[in-house]
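User: Could you walk me through this one? I'd like to start with how the parts pack and then go on to the details.

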Amino acid sequence: MNGKLSNNTPGQASGPSVPTEDYYVGVDLGQKRDHSVVAVILKKNGQITLVHLKRFPLGTEYQTVIEYLKLAGERFRNVRAYYIDQTGVGEAFPENARRAGVKNVKGIELSLPRKSDVMTHLKQVMEQKRLHIPRDRELIIEMNAEIAKLTEAGKTKFSHRSGTHDDRLWALALAVYGSRHEFPSYHPFVAFGHISKHPWERRQIKYPIAGTSNTTE
């Protein structure tokens, strides 16, 4: 994917289309204190690969995010589902995305039980060594900084350490959660557990889709 989709607010699609595969998109919405993040995964033969991750600057308007989703849908031509966190914005954002022409949109209210379901599924995929991600330092930091605590009511509450964010993590988790209904066929290769111990020195993150990159902030 070219720089317009990976680094900047997109205006229109350009470059050759990615060959048709099964893609799933997760969207974690934020604006003033938290960032909006779009994660795109490819699911093939039960294996899940993070192929694109876009973090928007604070204050980015939601309409800009919707336009970006439209461009992502043009680039990754077979998006099975867009799973969007509507906890803070209600049904308005998913509905506006549908009106703008984004198909297969599902709004998710991230209650404590639903958050637990989403994170449990992500954990299971990782334990099965089916999740493959680039050496994205910020994403790995978010994964390692997430805290899960059991409340007095017996529910799991998620939070992140002071001075950190978890927007990338939740966007990825929502995309993976959206892909959960298919039956996997395992063809293991480099697993996430090995990547997490690797040092990072480069600022440019290379994603598996040819030409895709995302410069970290």
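User: Which strands does α2 lie across?

Analyst: In this predicted model, helix α2 lies across β1, β2, β3 and β4, and α2 runs at about 160° to β4.

User: And what is the strand order in the sheet?

Analyst: The sheet is open and has six strands in the order β5-β4-β1-β2-β3-β6, with mixed pairing. Its edge strands are β5 (105–108) and β6, each of which pairs on one side only.

User: How many bridges join β2 to β3, and do they run parallel or antiparallel?

Analyst: Eight bridges join β2 to β3, and the two strands run antiparallel. Within that pairing V40 stands opposite H52 of β3. The two strands form a hairpin with two residues between them, and N45, which sits in the turn, has a positive phi of about 55°.

User: What about β1 and β2, how many bridges there?

Analyst: Seven bridges join β1 to β2, again with the strands running antiparallel, and D22 stands opposite K43 in β2.

User: Where does β3 go on its β6 side, parallel or antiparallel?

Analyst: β3 is joined to β6 (residues 131–132) by two bridges, and those strands run parallel; H132 in β6 is the bridge partner of T49.

User: How many residues of β3 are buried?

Analyst: β3 is mostly covered, with nine of its nine residues buried.

User: Switching to the cores: which residues of the largest one touch the most other members?

Analyst: The largest nonpolar core has 29 residues, and those touching the most other members are I41, L131, M143, L172 and V176. At least two residues each come from β2 (37–44), β3 (47–55), β4 (79–85), α4 (112–127), α5 (137–145) and α6 (167–178), and α6 gives the most, with nine residues.

User: What does the second core include?

Analyst: It is a separate core of 21 residues, and V25, L42, V51 and V79 are among them. As background, nonpolar side chains tend to be buried together in soluble globular proteins.

User: Now the rings. How many aromatic pairs are there, and what is the geometry of Y23 and F76?

Analyst: The structure holds four aromatic pairs. In the one formed by Y23 and F76, the ring centres are 4.9 Å apart and the planes stand at 55°, so this pair is tilted. Because Y23 lies in strand β1 (residues 22–28) and F76 in the loop between α2 (62–75) and β4, the pair ties together parts that are 53 residues apart in sequence.

User: Are those two buried or exposed?

Analyst: Both Y23 and F76 are buried.

User: And how are Y83 and Y177 arranged?

Analyst: Y83 and Y177 form an edge-to-face pair, with 6.1 Å from centre to centre and 80° between the planes. Y83 is in strand β4 and Y177 in helix α6, so this pair ties together parts that are 94 residues apart in sequence.

User: Why does Y83 count as buried, and why does Y177?

Analyst: Buried means under 20% relative accessible area. Y83 counts as buried because its relative accessibility is 7%, and Y177 counts as buried because its relative accessibility is 7%.

User: Which residue lies over the face of Y177, and which over that of F56?

Analyst: R180 lies over the face of Y177, at 3.8 Å from the ring centre, while K54 lies over the face of F56, at 5.4 Å from the ring centre.

Methods: Residues numbered from 1 in each chain as written. Predicted model: local features only at pLDDT ≥ 70, side-chain atom pairs only at ≥ 80, totals over all residues. Heavy atoms only, no water. Core = buried A, V, L, I, M, F, W, Y, C linked by side-chain atoms within 4.5 Å. Buried < 20%, exposed > 50% of the residue type's maximum accessible area, 1.4 Å probe, protein only. Helix = DSSP H or I, 4+ residues; strand = E, 2+ residues; numbered from the N terminus. Phe/Tyr/Trp six-rings, centres within 6.5 Å; stacked < 30°, edge-to-face > 60°. Lys NZ or Arg CZ within 6 Å of the ring centre and 35° of its normal. Pairing = 2+ DSSP bridges. Contact = heavy atoms within 4.5 Å. Axes fitted to C-alpha atoms, helices over the stretch in contact; angles between N-to-C directions.
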